[in-house]
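Dear colleague,

A short account of the findings follows it.

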Amino acid sequence: MTHQDPSGQHIHEDPTAADSDRWLREDPAPADYRAPRLAGAMPSDDAAAAAPASASDGAGLEKIRALASAKDPVPVLNSHPGQLDERLGVTYLEASKDRVVARMPVEGNRQPMGLLHGGSTIALCESVASIGAFLHGAELGKAAVGVDVNATHHKSAASGFVTATATPIRMGKTATSHEVVVVDDAGERVCTARITCFLK
(Lines give C-alpha, C1' and ligand atoms only; values in the text may rest on other atoms or scores of the structure.)
Protein backbone atom coordinates (compact mmCIF):
# COMPACT_ATOMS: atom_id res chain seq x y z
CA MET A 1 0.00 0.00 0.00
CA THR A 2 1.31 3.47 -0.91
CA HIS A 3 0.15 6.91 0.18
CA GLN A 4 1.55 10.44 0.39
CA ASP A 5 2.46 12.10 3.64
CA PRO A 6 1.92 15.91 4.07
CA SER A 7 5.42 16.65 2.70
CA GLY A 8 4.54 14.93 -0.58
CA GLN A 9 6.76 11.89 -0.09
CA HIS A 10 5.42 8.48 -1.03
CA ILE A 11 5.26 6.05 1.88
CA HIS A 12 5.12 2.29 1.33
CA GLU A 13 3.37 0.30 4.01
CA ASP A 14 3.25 -3.41 4.58
CA PRO A 15 -0.35 -4.09 5.65
CA THR A 16 0.78 -7.20 7.51
CA ALA A 17 3.23 -5.22 9.57
CA ALA A 18 0.58 -2.54 10.20
CA ASP A 19 -1.82 -5.19 11.47
CA SER A 20 0.90 -6.63 13.70
CA ASP A 21 1.56 -3.19 15.19
CA ARG A 22 -2.15 -2.67 15.73
CA TRP A 23 -2.45 -5.93 17.68
CA LEU A 24 0.56 -4.95 19.77
CA ARG A 25 -1.06 -1.61 20.62
CA GLU A 26 -4.56 -2.91 21.29
CA ASP A 27 -5.75 -5.34 23.91
CA PRO A 28 -7.85 -7.80 21.88
CA ALA A 29 -9.60 -9.29 24.90
CA PRO A 30 -11.38 -7.65 27.82
CA ALA A 31 -9.88 -8.11 31.26
CA ASP A 32 -12.61 -10.55 32.32
CA TYR A 33 -12.19 -12.73 29.21
CA ARG A 34 -11.75 -16.44 29.86
CA ALA A 35 -10.65 -18.76 27.09
CA PRO A 36 -13.21 -21.47 26.36
CA ARG A 37 -12.25 -24.90 27.64
CA LEU A 38 -11.37 -27.30 24.86
CA ALA A 39 -13.42 -30.47 24.69
CA GLY A 40 -11.70 -33.11 26.76
CA ALA A 41 -9.37 -30.61 28.46
CA MET A 42 -8.29 -31.51 31.98
CA PRO A 43 -10.37 -29.73 34.64
CA SER A 44 -8.73 -28.00 37.57
CA ASP A 45 -8.09 -30.06 40.70
CA ASP A 46 -11.03 -28.36 42.45
CA ALA A 47 -13.37 -29.07 39.53
CA ALA A 48 -12.21 -32.66 39.29
CA ALA A 49 -12.80 -33.17 43.01
CA ALA A 50 -16.29 -31.65 42.80
CA ALA A 51 -17.33 -33.53 39.66
CA PRO A 52 -19.22 -36.80 40.13
CA ALA A 53 -17.58 -39.94 38.77
CA SER A 54 -18.82 -40.78 35.28
CA ALA A 55 -19.91 -44.19 34.07
CA SER A 56 -16.62 -44.53 32.20
CA ASP A 57 -14.67 -43.86 35.43
CA GLY A 58 -16.55 -46.71 37.10
CA ALA A 59 -15.88 -49.02 34.15
CA GLY A 60 -12.18 -48.12 34.33
CA LEU A 61 -11.99 -48.94 38.03
CA GLU A 62 -13.81 -52.22 37.43
CA LYS A 63 -11.32 -53.17 34.74
CA ILE A 64 -8.35 -52.31 36.98
CA ARG A 65 -9.72 -54.50 39.78
CA ALA A 66 -10.47 -57.33 37.35
CA LEU A 67 -6.99 -57.16 35.82
CA ALA A 68 -5.25 -57.06 39.20
CA SER A 69 -7.13 -60.09 40.47
CA ALA A 70 -7.28 -62.20 37.28
CA LYS A 71 -5.21 -65.37 37.04
CA ASP A 72 -5.13 -64.77 33.28
CA PRO A 73 -5.55 -61.08 32.33
CA VAL A 74 -5.87 -61.82 28.59
CA PRO A 75 -9.67 -62.41 28.56
CA VAL A 76 -10.19 -59.23 30.59
CA LEU A 77 -8.01 -57.18 28.23
CA ASN A 78 -9.73 -58.51 25.12
CA SER A 79 -13.30 -58.29 26.44
CA HIS A 80 -12.91 -54.73 27.76
CA PRO A 81 -10.27 -53.01 25.58
CA GLY A 82 -9.35 -49.39 26.02
CA GLN A 83 -10.74 -47.02 23.40
CA LEU A 84 -7.48 -46.75 21.45
CA ASP A 85 -6.77 -50.49 21.56
CA GLU A 86 -10.27 -51.08 20.23
CA ARG A 87 -9.83 -48.58 17.38
CA LEU A 88 -6.43 -50.02 16.46
CA GLY A 89 -7.77 -53.59 16.56
CA VAL A 90 -5.27 -54.74 19.22
CA THR A 91 -5.70 -58.32 20.48
CA TYR A 92 -3.75 -59.58 23.50
CA LEU A 93 -2.18 -63.03 23.27
CA GLU A 94 -0.23 -63.19 26.56
CA ALA A 95 -0.18 -60.97 29.63
CA SER A 96 1.95 -61.28 32.74
CA LYS A 97 4.37 -58.99 34.55
CA ASP A 98 7.21 -60.87 32.79
CA ARG A 99 5.89 -60.82 29.22
CA VAL A 100 3.03 -59.14 27.35
CA VAL A 101 2.26 -60.02 23.73
CA ALA A 102 -0.36 -58.42 21.47
CA ARG A 103 -0.98 -58.14 17.75
CA MET A 104 -2.52 -55.46 15.58
CA PRO A 105 -3.74 -55.47 11.96
CA VAL A 106 -1.93 -53.28 9.45
CA GLU A 107 -5.23 -52.63 7.65
CA GLY A 108 -6.95 -49.66 9.24
CA ASN A 109 -3.66 -48.41 10.71
CA ARG A 110 -1.91 -47.24 7.55
CA GLN A 111 -0.55 -43.79 6.71
CA PRO A 112 -1.36 -42.11 3.33
CA MET A 113 1.42 -43.99 1.52
CA GLY A 114 -0.26 -47.30 2.36
CA LEU A 115 2.26 -48.40 4.99
CA LEU A 116 1.73 -49.11 8.68
CA HIS A 117 1.62 -45.78 10.50
CA GLY A 118 4.53 -45.36 12.91
CA GLY A 119 2.21 -43.75 15.45
CA SER A 120 0.02 -46.86 15.47
CA THR A 121 3.07 -49.01 16.08
CA ILE A 122 4.20 -46.84 18.99
CA ALA A 123 0.69 -46.90 20.47
CA LEU A 124 0.83 -50.72 20.33
CA CYS A 125 4.24 -50.63 22.06
CA GLU A 126 2.91 -48.36 24.81
CA SER A 127 -0.08 -50.63 25.33
CA VAL A 128 1.89 -53.83 25.91
CA ALA A 129 4.57 -52.18 28.07
CA SER A 130 1.97 -50.36 30.15
CA ILE A 131 0.10 -53.58 30.84
CA GLY A 132 3.34 -55.22 31.99
CA ALA A 133 4.09 -52.24 34.24
CA PHE A 134 0.53 -52.26 35.57
CA LEU A 135 0.66 -55.95 36.47
CA HIS A 136 3.94 -55.38 38.32
CA GLY A 137 2.64 -52.25 40.04
CA ALA A 138 -0.56 -53.97 41.13
CA GLU A 139 1.51 -56.25 43.36
CA LEU A 140 2.86 -53.12 45.07
CA GLY A 141 -0.55 -51.47 45.32
CA LYS A 142 0.43 -48.89 42.70
CA ALA A 143 -0.82 -47.76 39.29
CA ALA A 144 1.42 -47.31 36.23
CA VAL A 145 1.57 -44.32 33.89
CA GLY A 146 3.84 -44.00 30.86
CA VAL A 147 6.44 -41.22 31.04
CA ASP A 148 8.93 -41.92 28.26
CA VAL A 149 8.89 -43.56 24.82
CA ASN A 150 11.86 -44.17 22.52
CA ALA A 151 11.30 -46.07 19.28
CA THR A 152 13.19 -47.01 16.13
CA HIS A 153 11.32 -48.12 13.00
CA HIS A 154 13.40 -50.71 11.11
CA LYS A 155 11.16 -51.60 8.17
CA SER A 156 7.67 -51.01 6.88
CA ALA A 157 4.64 -53.28 6.80
CA ALA A 158 1.84 -52.98 4.25
CA SER A 159 -0.47 -55.87 5.08
CA GLY A 160 -1.18 -58.64 7.56
CA PHE A 161 -0.48 -58.20 11.25
CA VAL A 162 2.32 -56.96 13.48
CA THR A 163 3.01 -58.54 16.86
CA ALA A 164 4.53 -56.70 19.82
CA THR A 165 6.30 -58.41 22.72
CA ALA A 166 7.16 -56.42 25.85
CA THR A 167 9.76 -57.77 28.27
CA PRO A 168 11.05 -55.97 31.36
CA ILE A 169 14.44 -54.30 31.43
CA ARG A 170 13.99 -53.27 35.06
CA MET A 171 11.02 -53.49 37.39
CA GLY A 172 11.49 -51.13 40.33
CA LYS A 173 9.34 -49.81 43.15
CA THR A 174 8.79 -46.42 41.52
CA ALA A 175 9.45 -47.06 37.81
CA THR A 176 9.59 -49.79 35.19
CA SER A 177 11.38 -50.01 31.85
CA HIS A 178 10.39 -52.39 29.07
CA GLU A 179 11.86 -53.32 25.72
CA VAL A 180 9.22 -53.90 23.07
CA VAL A 181 9.99 -55.75 19.84
CA VAL A 182 7.47 -55.56 16.99
CA VAL A 183 7.66 -58.10 14.16
CA ASP A 184 5.63 -58.71 11.00
CA ASP A 185 4.02 -61.98 9.92
CA ALA A 186 7.36 -63.19 8.52
CA GLY A 187 9.02 -62.62 11.91
CA GLU A 188 11.06 -59.67 10.63
CA ARG A 189 11.58 -56.84 13.07
CA VAL A 190 9.53 -53.77 12.26
CA CYS A 191 10.22 -51.67 15.36
CA THR A 192 12.11 -51.66 18.64
CA ALA A 193 10.90 -49.46 21.48
CA ARG A 194 11.84 -48.70 25.07
CA ILE A 195 9.03 -47.60 27.37
CA THR A 196 9.39 -46.23 30.89
CA CYS A 197 6.44 -46.11 33.27
CA PHE A 198 6.14 -44.33 36.61
CA LEU A 199 4.47 -46.20 39.47
CA LYS A 200 2.36 -44.15 41.85
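Asp85 is buried, because its relative accessible area is 9% (buried means under 20%, exposed over 50%, partly exposed in between, with a 1.4 Å probe and protein chains only). This residue belongs to helix H5, residues 83-88; helices (H or I, at least four residues) and strands (E, at least two) are DSSP runs, numbered from the N terminus. The side chain of Asp85 forms a polar contact of 2.8 Å with that of Ser127; such a contact is a pair of N or O atoms within 3.5 Å, where within protein one must be able to donate a hydrogen and the other to accept it, and residues adjacent in sequence count only if both atoms are side-chain atoms. Beyond its neighbours within four places in sequence, Asp85 is in contact (heavy atoms within 4.5 Å) with Val90, Tyr92 and Ser127.

The model is predicted: local features need pLDDT of at least 70, side-chain atom pairs count only at pLDDT 80 or more, and totals for chains, interfaces and linings use all residues. Residues are numbered from 1 along each chain as its sequence is written, and side-chain values use heavy atoms, leaving out hydrogens and water.

By contrast with Asp85, which is buried, Val147 is exposed, with a relative accessible area of 53%. Val147 lies in strand E5, residues 144-153.

Just after H6, Gly141 adopts a positive phi of about 75°.

As for the whole chain, six helices and eight strands are present. Of its 200 residues, 27% count as buried.
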